[in-house]
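Please look over the sequence and the model shown below.

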Amino acid sequence: MVRSSARRATAVAALLALYAAGCSGPATAPPAGATPTGGAGATAAPPAGPSPVPAARAGLGGRPSPSARPCTVFPADNVWHADVSRLPVHPRSAAMIGAIGGGATVHADFGSGRWEGAPIGIPVTVVPAGQRRVPVTFGYAGESDPGPYPVPPDAAVEGGPDGTGDRHVIVWDRAACRAYELFDAHRSGAGWRAGSGAVFDLRSNRLRRAGWTSADAAGLSILAGLVRYDEVAAGRIDHAIRVTVPRTRTGWTWPATHSASSATDPALPQLGQRLRLKRSVDLSRLPRQARIVAEAMQRYGLVVADHGSAWFLSGAPDPRWDNDALHALGGLRGSDFEVVDAAGLMVNAGSGATG
């Protein structure tokens, strides 16, 4: 900006000319690796030219503006990001692995293409700043965060619009750095209805209230545990992975906040239980995509999040997944895993922060 001062007219004119040239010249190039697509979370003016992907449908490929504050999925000290490779083995590990299925094989419950007419995995819808909020009604309203939620009418539903499964809807508002997660979601009038719903502040370690569910049986964030293609493409997953098991026992293990079983058999794992792929398992022959997933299971482990088929890993669908590579994870069996004692990581029962 030109300041008023006792300067010569020629100096003022030169400064004004320099200012005008800077405003009318080409835009400054973004940092290397940045993708100024005008995607979710953008706070600066969009780049010249049309965005290749509509903001409300950007999905996991959309990125915030380079000027936007980065939105990570929970802080670096959150339990989802904890390295569990050296934690002690739980004293009932062998029994719990046997109850899950020692001979059952690992299955990547995500991939490219379609299965029974729907994308494979739990989709994530990334929304732009200012996405319109709509009413959401809940079957389990007493344990759900009330609406309205910024869920667009075309938000991706697990299993597709006509799916009959869990029908999760995961909305990631990167500008606000929040995840809005619904279970059994259906369009309803101008909004949505769902079995349950939860809102997660992704810059906070705060857990849900003890005894409360979320869109997941364990009361945890689903987004936090999904395998996403962009992570694998970058060469590293920095968090634990969501896994389902056939049965759990009553109660929960931190960081879970909810129980979905009345069984008391001590051989059964609890929701929130942390599992780990054994260090002795050789990963060198796995194809790249499978190897990166397996490396995360050795370092960050798995979190028992819901009931379902044994050793089913959760991830987001993406056309760039190599399904043949992901199928190679089927060479891993339940007996290749162990349950770890993660109690020593806890700082406070109401927080996901680790010590």
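## Salt bridges and a sheet

Both arginine 228 and glutamate 231 are buried, a word that here means under 20% relative accessible area, while exposed means over 50% and partly exposed lies in between (1.4 Å probe, protein chains only). The side chains of arginine 228 and glutamate 231 meet in a salt bridge, with 3.6 Å from N to O; the term stands for a side-chain nitrogen of Lys or Arg within 4 Å of a carboxyl oxygen of Asp or Glu.

The model is predicted, so that local features need pLDDT of at least 70 and side-chain atom pairs count only at pLDDT 80 or more, whereas totals for chains, interfaces and linings use all residues. Residues are numbered from 1 along each chain as its sequence is written, and side-chain values use heavy atoms, with hydrogens and water left out.

The structure holds 10 salt bridges, among them the one between arginine 299 and aspartate 83. This pair links distant parts of the chain, 216 residues apart, with arginine 299 in helix α4 (residues 288–299) and aspartate 83 in the loop between α1 (9–24) and α2 (93–100). Helices (H or I, at least four residues) and strands (E, at least two) are DSSP runs, numbered from the N terminus. Helix α4 also contains glutamate 295 and arginine 291, which lie four residues apart, about one turn of the helix, and form a salt bridge with each other. Elsewhere, Asp216, Arg242 and Asp306 are linked in a network of salt bridges.

| Salt bridge | Closest N and O atoms | Relative accessible area |
|---|---|---|
| Arginine 299 – aspartate 83 | 3.1 Å | arginine 299: 37%; aspartate 83: 36% |
| Glutamate 295 – arginine 291 | 3.6 Å | glutamate 295: 35%; arginine 291: 26% |

Turning to the strands, three of them form an open sheet with mixed pairing in the order β5-β9-β8, where two strands pair if DSSP finds at least two bridges between them. Because β5 (136–138) and β8 (186–188) stand at the edges, each with a single partner strand, one side of each is left without a neighbour in the sheet. Strands β5 and β9 (residues 191–194) run parallel and are joined by three bridges, and within this pair valine 136 stands opposite tryptophan 192 in β9.

For the protein chain as a whole, the secondary structure comes to five helices and 15 strands, and buried residues make up 49% of the 355 residues.
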